Amino acid sequence: MSHLSAYFPVTDPTLVFFVVLCIILFAPIIMGKLRIPHIIGMVLAGVLVGQYGLNILVRDDSFELFGKVGMYYIMFLAGLEMDMEGLKKDSSQFFIFGILTALIPMAITYPVATICLNYSPAASLLLSCIMASNTLIAYPIAVRYGLQRHRSVALSVGSTMLALFIALMVLASVTASFDADTHWWFWPMFLFKVAAFCAGMILIIPRITRKFLRRYSDAVMQFIFIMAELFLSAALSEAVGLEGIFGAFLAGLILNRYIPRLSSLMNRIEFTGNAIFIPYFLIGVGMLINLRLLFHGGAIVWIAAAMVAVGMIGKALAAYAACIGFKMPLSSGHMMFGLTSAHAAGGIAMVMVGMRLEVSPGHPMVDDDMLNGVIIMILFTCIISTLVTERSARQLVIADKAQDIKQAETDDEKILLPVKYPDVAKGLVSMAIMMRNAKLNRGLVALNVVYDDKHRSANQKEGRALLDNLVKVASAADVKMQTQVRVAANIANGIKYAFKEFDASEIIMGMHIHKDISPKFWGEFAQSLYNGLNRQIIFVRLKQPLNTLRGIQVAVPSRAEFEPGFYRWVERLGRLAGNLECRMVFHGRNEQMELIRNYLRHKHPSVRADYQLMMHWNELPRLAATINDDHLFVVVTSRKGGLSYKTALERLPDEIEKHFSGRSLMLIYPDQYGEREAMTFAESQHQEELSAYQELRGWLHRTFHRTKHSQST
């Protein structure tokens with residue numbers, strides 16, 4: 001046995017990384033069988049392999065480095081996935097909950113620390129700061145259940161940062177009181193540095209990010225650029241006297257709109273963090289915990305129990321008081337308590353600050369009992385936090401399951417992407433990913449149609465290479481994609497037959513900008529296609545990457561609300577604007593605007609939308625002056641014979657070429673009457689409204705003629 005112990009702890013970097021990977025791999029498997037949250041498994045594995053357990057690994061510099069990166073990653077992802085519109089709308093609630101979750105634990109901890117634990121006022125204040133702050137160690141659980149934008153999760157994330165800021169401010173005052181060189185200008189200078197840091201980040205980062213993402217589309221370069229901004233923000237945050245996690249969260253908030261939630265870049269960021277850095281952080285936290293201390297006597301047990309009790313009670317009172325005050329369901333209160341109750345590396349960092357402060361020479365403000373009590377408290381709060389968060393997350397998603405099943409049964413969504421040119425195809429895939437219903441998880445269909453001529457073999461080979469590349473693009477966003485290279489004598493017919501074979505619901509295809517390919521504005525075969533299909537067809541021409549768009553302007557023709565596909569295109573644009581987090585402006589008549597407003601308010605409440613009156617379709621050129629280079633201009637048109645068709649639409653190609661040639665453009669041909677195997681609830685409701693309207697119009701017509709006949713008689 002002694003001979004075996006000579007090989008431990010493992011110090012070889014290769015074997016250290018191997019052991020860590022084995023923990024990351026097997027801990028979720030074992031915890032899953034025991035029905036214990038995976039995060040607890042990572043922390044307990046760290047306890048087991050650390051120096052206070054089996055002493056297999058030493059918490060060396062790699063755990064310091066990767067652990068710090070993992071902590072930053074958690075906060076960065078929380079900022080990236082925040083619902084910014086909800087944050088603005090509920091800003092008062094964020095502020096109230098942040099104040100509650102900071103001040104209530106402080107108010108409880110300080111008297112307990114001074115009276116029950118006999119700590120000095122400075123040490124009690126330091127412990128109060130630790131209890132006021134918290135670490136979002138259970139946030140990956142909310143991500144796994146798809147609850148990033150749930151109101152309770154967003155409130156918890158926002159309040160965490162406010163509570164951390166309050167705790168850091170109090171901690172700075174404690175530290176300043178021990179520094180003999182501290183002058184009266186310390187606080188004004190500190191506040192000035194914090195304000196300058198935040199203002200500089202908000203003003204500079206968006207500009208350089210937008211320029212970089214427009215110019216460089218390489219996936220690796222974009223990922224490295226975003227990571228560089230993350231760690232620059234964390235470093236600057238530490239330089240001005242705040243914790244690096246504050247800077248990481250701020251970077252996430254600033255970059256929120258440039259990294260759409262369903263984009264491949266977001267998927268890469270989440271994958272890297274969840275696969276390596278966040279597990280490394282959790283294992284490192286576990287390696288700090290010494291369970292043997294619980295068996296060394298009653299003093300440490302009493303201190304740890306008191307810390308756990310005041311920490312849990314303070315956070316619970318804040319969470320459930322906010323839940324009741326905001327009239328939220330009890331399950332949301334459970335989620336808020338679960339996310340805000342854990343203390344981890346932030347608490348360790350504050351204790352280390354206290355250990356550097358000496359009450360008198362040779363007597364640090366924080367003794368070993370307080371340090372060990374905080375470490376034991378970290379273990380129990382992490383376990384309680386993850387258990388509560390896991391349970392409440394399940395409760396929150398149960399109600400959505402029935403609705404998702406019902407929607408899956410009634411929604412026929414399946415998007416077909418006819419592609420030919422590589423520089424256009426990637427943008428179409430990104431557009432489809434933003435418009436698809438992620439809950440249905442039906443994937444996309446990419447189609448390449450080639451002529452049946454002497455160049456068929458070479459064109460088929462090029463088509464397969466293009467589709468293989470698009471599969472990689474979709475896979476990077478965790479979206480399934482079917483592909484087909486089809487040979488046809490007529491391209492339009494090939495697309496129509498594929499549309500029926502795949503049972504597709506709509507088409508998204510490029511509006512070519514290659515003038516040397518075809519003189520036609522619409523592109524090859526497009527006119528034949530939209531005249532031959534009665535389902536929704538969307539033509540897209542992107543002048544810049546989707547994630548750099550800052551606005552969507554939509555021109556809606558009169559009587560568009562009576563088209564069968566009215567709610568389908570409204571739904572697609574609502575999803576697009578929600579994922580891009582950009583504002584939409586609708587131009588149309590009052591009756592249309594009211595229907596769109598009500599639909600978006602019910603289905604997409606976080607989408608920002610404005611509504612402007614446009615009485616006549618001839619006003620379309622006037623809109624050109626209001627559309628910037630970073631806007632997407634959407635024109636809802638109609639096929640001949642459609643209820644919203646008008647002769648002015650025949651001039652649409654010339655007007656677009658004349659007034660909107662340098663803009664990103666989308667043309668939508670909505671669903672028409674015809675064969676349909678499924679219909680969404682909104683569309684069926686719309687059919688009923690249309691039938692009622694037609695009956696009313698017929699009644700008015702008959703009444704008018706009867707009145708006219710009686711007058712003439």
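A salt bridge here is a side-chain nitrogen of Lys or Arg within 4 Å of a carboxyl oxygen of Asp or Glu. Keep that rule in mind. This is a predicted model, where local features need pLDDT of at least 70, side-chain atom pairs count only at pLDDT 80 or more, and totals for chains, interfaces and linings use all residues. Residues are numbered from 1 along each chain as its sequence is written, and side-chain values use heavy atoms, leaving out hydrogens and water.

The rule gives 19 salt bridges. Some of them join up. One network links Asp412, Glu413, Glu506, Arg535, Arg568, Glu571, Arg572, Arg575 and Asp671.

Take Arg568. Which residue meets Arg568 at 2.9 Å, N to O? Asp412 does, side chain to side chain. The two sit 156 residues apart: Asp412 is in the loop between helix 17 (368–410) and strand 3 (415–418), and Arg568 is in helix 22 (residues 566–580). Helices (H or I, at least four residues) and strands (E, at least two) are DSSP runs, numbered from the N terminus.

Asp671 also forms a salt bridge with Arg568, with the closest N and O atoms 2.9 Å apart. Asp671 lies in the loop between strand 12 (664–669) and helix 25 (681–712), 103 residues from Arg568.

Buried or exposed? Buried means under 20% relative accessible area, exposed over 50%, partly exposed in between (1.4 Å probe, protein chains only). Arg568 is buried at 3%. Asp412 is buried at 15%. Asp671 is buried at 0%.

Now another pair. Arg583 bridges to Asp610, at 3.4 Å between the closest N and O atoms. Arg583 is in strand 9 (residues 583–588) and Asp610 in strand 10 (residues 609–613), so the bridge ties together parts 27 residues apart in sequence. Arg583 is partly exposed at 34%, and Asp610 is partly exposed at 31%.
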